[in-house]
Amino acid sequence: MKVNGEIHEIELEPRVSLLDALREHLSLTGTKKGCDQGTCGACTVWVDDRRVLACLTLAVACEDHEVSTVEGLADGGDLHPLQSAFIERDAFQCGYCTSGQLMSAVALLKEGNATTDEEIAEHMSGNLCRCAAYPNIRAAVRDIRDADPATSGRA
Ligand code: FES
Ligand code: FES
């Protein structure tokens with residue numbers, strides 16, 4: 001399986017979820033397990049640049065695909081612009097939902113689905129935040145959208 005540009009060879013039972021493969025077998029614990037049943041969005045990652053819920057995705061189905069996780073967002077020591085915006089906007093409290101929010105938000109910026117607050121809210125409706133940081137999350141997304149749309153596409 002290719003994760004964040006790196007090939008990993010692991011043997012898994014067919015029933016293992018992508019989420020468990022990432023966290024338990026590859027020690028990529030940035031992707032969080034909230035509900036483990038597809039309702040919270042904490043486990044959002046990309047498979048071939050499409051947002052998926054890792055808890056509902058079988059790892060074996062990703063064998064010939066590119067998986068991207070929050071660990072791959074930064075460019076070495078440089079945070080992704082949206083990660084910086086989250087810090088500047090205080091877009092989290094406990095932080096448990098944050099990696100999923102980031103993966104979802106970067107994707108929606110790339111998709112061009114961040115033109116209004118309503119659109120941002122709609123396209124991120126699968127990412128729940130128990131701390132209700134939604135206004136600050138939307139502000140961070142707006143900052144990146146308004147600053148330089150080109151940077152929003154950086155993975
Ligand atoms: S852990 Fe996957 S949606 Fe909640
Ligand atoms: S910051 Fe706590 S759940 Fe979102």
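Let me start with charge. The chain carries 14 positive and 25 negative side chains. The centres of those two sets lie 6 Å apart. Keep in mind that this is a predicted model.

Now the overall fold. The chain has 5 helices and 5 strands. In sequence order, the pattern reads β-β-α-β-β-β-α-α-α-α. The radius of gyration is 15 Å, close to the 15 Å that the globule rule gives for 155 residues, so the chain is as compact as a globular protein of that length. Along the principal axes, the C-alpha trace spans about 45 × 30 × 25 Å.

A few totals. Of the 155 residues, 42% are buried. The chain exposes about 8000 Å². Carbon and sulfur atoms supply 47% of that area. On contacts, take the pairs at least 6 apart in sequence: 61% of them join residues at least 24 apart.

Next, one helix. This is α2, residues 81–88. Which residues of α2 are buried? They are L82, Q83, A85 and F86. These four cover an arc of only 160° around the axis, which puts them on the same side of α2. And what do they pack against? Two helices: α3, at 98–111, and α5, at 134–147. Turn to the other side of α2, and I87 and E88 are exposed there. Just past the end of this helix comes D90. Its phi is positive, at about 55°.

Let me move to the loops. First, the one between β2, residues 6–7, and α1, residues 18–25. H8 sits in this loop. Is H8 buried or exposed? Its relative accessible area is 19%. The cut-off for buried is under 20%. H8 therefore counts as buried. Leave aside the neighbours within four places in sequence, and H8 is in contact with M1, V3 and L26.

Then the loop between α1 and β3, with β3 at 44–47. T31 has 1% relative accessibility and counts as buried.

S27 is not a glycine, yet its phi is positive, at about 55°. Is S27 buried or exposed? At 57% relative accessibility, S27 counts as exposed.

Last, D36. This residue is also placed in the loop between α1 and β3. D36 has a positive phi of about 60°, and D36 is not a glycine either. Its relative accessible area is 36%, which makes D36 partly exposed.

For α2, remember L82, Q83, A85 and F86 as the buried residues, with α3 and α5 as their packing partners. That's my tour.

Key
Residues numbered from 1 in each chain as written. Chains lettered and ligands numbered in written order. Predicted model: local features only at pLDDT ≥ 70, side-chain atom pairs only at ≥ 80, totals over all residues. Heavy atoms only, no water. Rg over C-alpha atoms; globule rule 2.2 N^0.38 Å. Buried < 20%, exposed > 50% of the residue type's maximum accessible area, 1.4 Å probe, protein only. Contact = heavy atoms within 4.5 Å. Areas by Shrake-Rupley, 256 points an atom, 1.4 Å probe, with all protein chains shown as cover. Lys, Arg positive; Asp, Glu negative; His and termini not counted. Charge placed at Lys NZ, Arg CZ, Asp CG, Glu CD. Arc of directions from axis to C-beta.
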